[in-house]
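Hi everyone, thanks for coming. Let me put the model up, and then I'll walk you through it.

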Amino acid sequence: MGFPKSTSDVALQWTMEVFNGLRWFPNRNVPCEPGEAGGFFVSAQNFPFSAYLKPTKLDGRPRAAYEKIVSDLAYKIGVLVPPVLLYKRRDAPRGEEINTCVSLVSFPVIVPWRVLEEIKAFDHLDEVKEALGRYVGIVALDTYVGNDEDRTNLKNIVYGSESEKETDLISLDFSNALNYEGKWNDNRSGAACFPKMPERIVDAAKLNRRIVDATVTNIENLEECFINHIVNRIPDEFLDSAEKQVILNGLMVRRALVRRILADHLA
Ligand SMILES: Nc1ncnc2c1ncn2[C@@H]1O[C@H](COP(=O)(O)OP(=O)(O)OP(=O)(O)O)[C@@H](O)[C@H]1O
Ligand SMILES: [Mg+2]
């Protein structure tokens, strides 16, 4: 379980950085269905992997910062989310966001969950069923970061494969997490609830409580200095200091809330 051999070093590297010096160009060969934030696939010279750049929409929401913070948390607690770097898009067309991020396309073959359902892969393919069993830590991560994204729309989970042995489900899209719509303001970050998840994932989480519980333990053990580090290293233009304070407070307080919420929903 984890990133395939081909991208594991880059994934680790990206968690240690906020930016790197690469200049990204639209990758017109790869079709995409941009979501609400807008975005497109990109490549960079002398870099072997592509990435997804978002957001393009300019609405003042700190989407890029949220994506970066959650991907760093996910890596630490062992939930598969593509590594993210912030990217200052100096060539952004007028009216598009300059403060963006890139999310690494971490497996050579990516299959949307929707397609897995269409081909009934969960019923017939052992490697897909096994990947689902390993994937259930996502319920702990989404609860912890307050991800409001409705995962039952099946758009934000993809299946990655490198070979039959190196396959896993991967979660995307955390721009509706953390203090999205100010829901953690005024010390309200303690209002944690169970995320909207496909039945199939809830059932798998009930069957694989050991994996869910291990992820919860990793969340509870997140050190204050690590949380401070990954939030405070985001430049103010991507996340202003008042917002950083709210997010820091939320991430500290919520570590202790996840276990009980999951116990209530996965009994
Ligand atoms: N790292 C990645 N690897 C593979 N595919 C990706 C990756 N990042 C994004 N994509 C593809 O691009 C689509 C859009 O990405 P994403 O869901 O992050 O943006 P969005 O829906 O525009 O976000 P928002 O919820 O902020 O509006 C995904 O559903 C997926 O198909
Ligand atoms: Mg999306």
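Predicted model: local features only at pLDDT ≥ 70, side-chain atom pairs only at ≥ 80, totals over all residues.

Residues are numbered from 1 along each chain as its sequence is written, while chains are lettered from A and ligands numbered from 1 in the order in which they are written.

So, the largest nonpolar core has 69 residues, and Ile69, Val70, Val102, Val136, Val139 and Ala140 touch the most other members. By such a core I mean buried Ala, Val, Leu, Ile, Met, Phe, Trp, Tyr and Cys residues joined through C-beta atoms within 7 Å; buried means 20 or more other C-beta atoms within 10 Å of a residue's own, with C-beta atoms placed from the backbone. Helix 2, residues 63-77, gives the most to this core, with 9 residues. Helices here are DSSP runs of H or I, at least four residues, and strands are runs of E, at least two, numbered from the N terminus.

How much of helix 2 is buried? 14 of its 15 residues are, so the helix is largely enclosed by the rest of the structure.

Now to ligand 1, friends: 21 residues surround it, the closest being Gly35, Glu36, Ala37, Tyr52 and Asp173, where a shell residue has its backbone-placed C-beta atom within 6 Å of the molecule. Strand 3 (51-54) and strand 5 (99-104) are the elements that give two or more residues to this shell.

Note on methods: Buried ≥ 20, exposed ≤ 12 C-beta atoms within 10 Å, placed from the backbone.
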